[in-house]
Amino acid sequence: MASLGFFCPTNSLLFSRSSVVNHRRDLQTRFIVSSSTSSSELVTQSAVSGSTERPRTSLGLKNLTEIFWVDVHCAKGRPLNVGLQEPVTVGCSRLEKVENVAVRVELSNGCVGWGEVSVVPWVNWNQATALEEVRKACEFLSQGPPVTLNLVLHQISEMFPGSEFASVRAGLEMALVDAVANSIDVPLWRLFGGVSDSLSTAATIPTTSSAKAFDLAAKYCKLGFKTLEIKLGRNVNADIEVLQAVRAAHPHCLFILDANEGCTSKEAIEVLHKLNEKGVIPTVFEQPVHRDDWRGLCDVSNVARHKYGVSVAADESCRDLMDIQKLMEENLVDVINIKLSKFGVLGILEIVEMVKKSGLELMIDSVAQTRLATGVAGHLAAGLGCFRYVNISAPSLLSEDPVVGGYEVAGSKYKFVNSRGQGGFLKWDIFS
């Protein structure tokens with residue numbers, strides 16, 4: 001008899017079909033949010049409604065990884081190509097279109113999970129390489145025996161350790177966790193902590209002219225965006241004109257100014273001085289110097305904090321957990337920007353645990369992604385409830401939306417109303 005996705009962890013015996021349905025319902029009814037638990041923890045129904053003398057039993061993602069046995073029926077990756085409304089410049093790179101990889105994992109119980117591998121210009125591989133790496137991983141998943149979710153995620157981490165193929169690891173993690181959440185009828189935001197089923201995002205104004213920036217800012221103002229992320233170019237005077245145009249169109253918005261490693265520490269401090277003179281000082285100054293310029297990052301942070309009241313965020317300087325540990329221990333920045341494509345689901349959960357006691361603030365961001373990836377990132381941010389800054393508006397720059405279902409968008413407000421998993425999927429046949 002074929003496995004249906006659940007195995008008994010105590011005696012490794014297969015459940016019958018009716019047992020699988022009952023087990024799935026049991027897990028579903030036991031997963032409810034408790035406001036007194038930690039940000040990534042869920043509690044059982046019996047623990048809440050039973051006697052106060054009974055011990056509390058937690059069932060969050062961590063616990064689920066140990067008790068849910070994954071039996072992959074099939075797994076595949078395909079190109080996910082979507083045009084941009086217009087080319088986008090990020091740092092020294094120019095994006096003409098999104099060329100990512102979609103991942104589809106179907107369990108033997110029929111439940112499907114979706115993930116997205118982001119392919120960006122600054123990685124040392126392209127879509128073809130990503131497709132080959134995903135193909136090998138999907139072949140491994142499809143041919144492997146049933147194992148716990150914890151073990152299969154560990155196996156994926158061993159296949160793609162470190163940062164080189166972190167985006168591939170992230171896409172596979174997304175798909176597996178989504179399939180499991182679908183199996184127990186739990187939306188991801190609940191699985192990640194259940195703090196909220198909605199959030200507000202910032203919007204990005206790419207490197208552009210002051211006239212275009214004015215039009216975009218006016219548009220975002222009407223849509224209710226209260227925070228705008230603006231990319232710093234190579235001409236400070238032109239950047240100031242852009243910021244002034246944005247301020248004129250949206251007088252009450254907050255600025256996140258992203259330098260994308262484009263300045264020396266001296267230049268970054270001069271930028272802050274000029275912006276202050278013009279009355280367009282940002283709330284956050286993101287990655288002002290090169291990722292390895294730790295001394296320069298510290299110097300800019302000290303001036304920004306004490307002279308201008310500006311928080312400095314690290315993005316490219318956050319490549320792994322050791323970098324984040326250094327940033328915390330040496331008090332180099334005020335904000336840490338973490339991307340799902342850089343750290344994956346499990347990596348972000350680990351970083352949140354590291355950072356939440358440090359006093360640093362968290363930002364979650366997106367680049368060149370569809371609503372498959374930003375959906376998971378949004379569920380994470382809403383469920384955990386610990387991100388001060390959120391910018392997952394990347395899909396608004398696309399010429400079309402290939403994702404069916406998923407979260408609802410009303411201007412800057414994203415609401416995760418789906419009943420299970422992340423709720424979004426692709427029409428797989430059009431990508432064949």
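**Helix packing and cysteines**

A: This is a predicted model. Helix α13 (residues 340-355) and helix α14 (residues 371-384) have axes that come within 11 Å and cross at roughly 15°.

Q: Are α13 and α14 roughly parallel or oblique to each other?

A: Angles under 35 degrees count as roughly parallel, and α13 and α14 are therefore roughly parallel to each other. Their crossing is left-handed.

Q: Which residues make that contact?

A: On α13, the contact is made by L340, V345, I348, L349 and V352. On α14, the residues are A373, V376, A377, L380 and L384.

Q: And what is the make-up of the contact of α13 with α14 by class?

A: The contact of α13 with α14 has ten nonpolar residues, with no polar and no charged ones.

Q: Turning to α9 and α10, at what angle do they pack?

A: Helix α9 (residues 236-249) packs against helix α10 (residues 265-278) at an angle of about 40°, and their axes are 11 Å apart. The two helices, α9 and α10, are therefore oblique to each other.

Q: Is the crossing of α9 and α10 left-handed or right-handed?

A: The crossing in which α9 passes α10 is right-handed.

Q: Which residues meet there?

A: From α9, V236, N237, I240, L243 and Q244 meet V271, K274, L275 and K278 of α10. By class, this contact of α9 with α10 has five nonpolar, two polar and two charged residues.

Q: A change of topic: how many disulfides are there?

A: The count comes to zero disulfides. C221, for example, is in no disulfide, and the nearest cysteine sulfur, that of C253, is 8.0 Å away. A pair of cysteine sulfur atoms has to be within 2.5 Å to count as a disulfide.

Q: What percentage of the residues is buried?

A: Of the 432 residues in the protein chain, 54% are buried.

Q: Last one: among contacts between residues at least 6 apart in sequence, what share joins residues at least 24 apart?

A: For the protein chain, that share is 71%.

How values were computed. Residues are numbered from 1 along each chain as its sequence is written. This is a predicted model: local features need pLDDT of at least 70, side-chain atom pairs count only at pLDDT 80 or more; totals for chains, interfaces and linings use all residues. Side-chain values use heavy atoms; hydrogens and water are left out. Axes are lines fitted to C-alpha atoms, for helices over the stretch in contact, and angles run from 0 to 180 degrees between N-to-C directions. Helices (H or I, at least four residues) and strands (E, at least two) are DSSP runs, numbered from the N terminus. Angles under 35 degrees count as roughly parallel, over 145 as roughly antiparallel, 65 to 115 as roughly perpendicular and the rest as oblique. A crossing is left-handed if the near helix is turned anticlockwise from the far one by less than a right angle, and right-handed if clockwise. Contact means heavy atoms within 4.5 Å. Ala, Val, Leu, Ile, Met, Phe, Trp, Tyr, Cys and Pro count as nonpolar, Asp, Glu, Lys and Arg as charged, and the others, Gly among them, as polar. Buried means under 20% relative accessible area, exposed over 50%, partly exposed in between (1.4 Å probe, protein chains only).
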